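I open this notebook to record what I looked up in a structure that is new to me. The entries are kept brief.

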Amino acid sequence: MVYLVISDIHGCASNLRTVLEAFENKYDGIICCGDFLYHGPRNGVPAEYDPKETMALLEKIRGRIVGVRGNCDGEVDQMVLNFPLLSDNQTLPFMKKGEMKKIFIHHGHKYSSEELMRLIPEGSVIVSGHTHVTVLKQADGYIWFNPGSVSLPKCEDGKTCGLLEITETGTVKIELRKITGEIIKSLEA
């Protein structure tokens, strides 16, 4: 199973369109770590801010999205988006060497690393957004992945996303990529 991993769209339809076109037919599902439509009071308005067009693009792929609520998402967003997005976290289970592991998805503003390590079995993948800063590392028995932001990056990697693959044998392959598709960094475990 291959997931396109995106976060922090903040209503920037043009960048979401770029991602969807760059990765068309390269994934089975989409993990979105929140902040779908609104840019939030601490961020500037993204270039080409267009929440209605963002809604239309998300509507086309709604059956493939596993989403969580970001700190800029609210009930009004759920009223206009036709897929569940108000959960603080989602989990996607997978088997690795006969043991159940999880892809744990959250926005990144509610759980500390210590809490996550108490809640989730070692060997799992923890996917978050929120900071707009990319992270792809293996530490403390976990894989930590933040795909950054497709619209308002706060790191030198720029506008980013990722591909996360779980193979039939439970191997985890993650690629951090530019929204246009170029690989920045990869990890396999």
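This is a predicted model: local features need pLDDT of at least 70, side-chain atom pairs count only at pLDDT 80 or more; totals for chains, interfaces and linings use all residues.

Residues are numbered from 1 along each chain as its sequence is written, and side-chain values use heavy atoms, with hydrogens and water left out.

Entry one. I looked up the aromatic pairs and found three (ring centres of Phe, Tyr or the six-membered ring of Trp within 6.5 Å). One of them joins Phe104 and Tyr111, with 5.7 Å from centre to centre and 75 degrees between the planes. I recorded this pair as edge-to-face, the term for planes over 60 degrees apart. Phe104 and Tyr111 are both buried, that is, under 20% relative accessible area with a 1.4 Å probe and protein chains only.

Entry two. I then turned to Val127, which lies in strand β6 (a DSSP run of E, at least two residues). Val127 has a relative accessible area of 0% and is therefore buried. Its C-alpha atom is 6.0 Å from that of Phe104, 23 residues apart along the chain.

I found His132 in the loop between β6 (125-127) and β7 (135-139). His132 counts as buried because its relative accessible area is 2%. His132 and Leu152 are 20 residues apart in sequence, yet 6.8 Å apart in space, C-alpha to C-alpha.

I located Glu115 in helix α4, residues 113-119 (a DSSP run of H or I, at least four residues).

Note on methods. Rings of Phe, Tyr and Trp (its six-membered ring) pair if their centres lie within 6.5 Å; planes under 30 degrees apart count as stacked, over 60 as edge-to-face and the rest as tilted. Buried means under 20% relative accessible area, exposed over 50%, partly exposed in between (1.4 Å probe, protein chains only).
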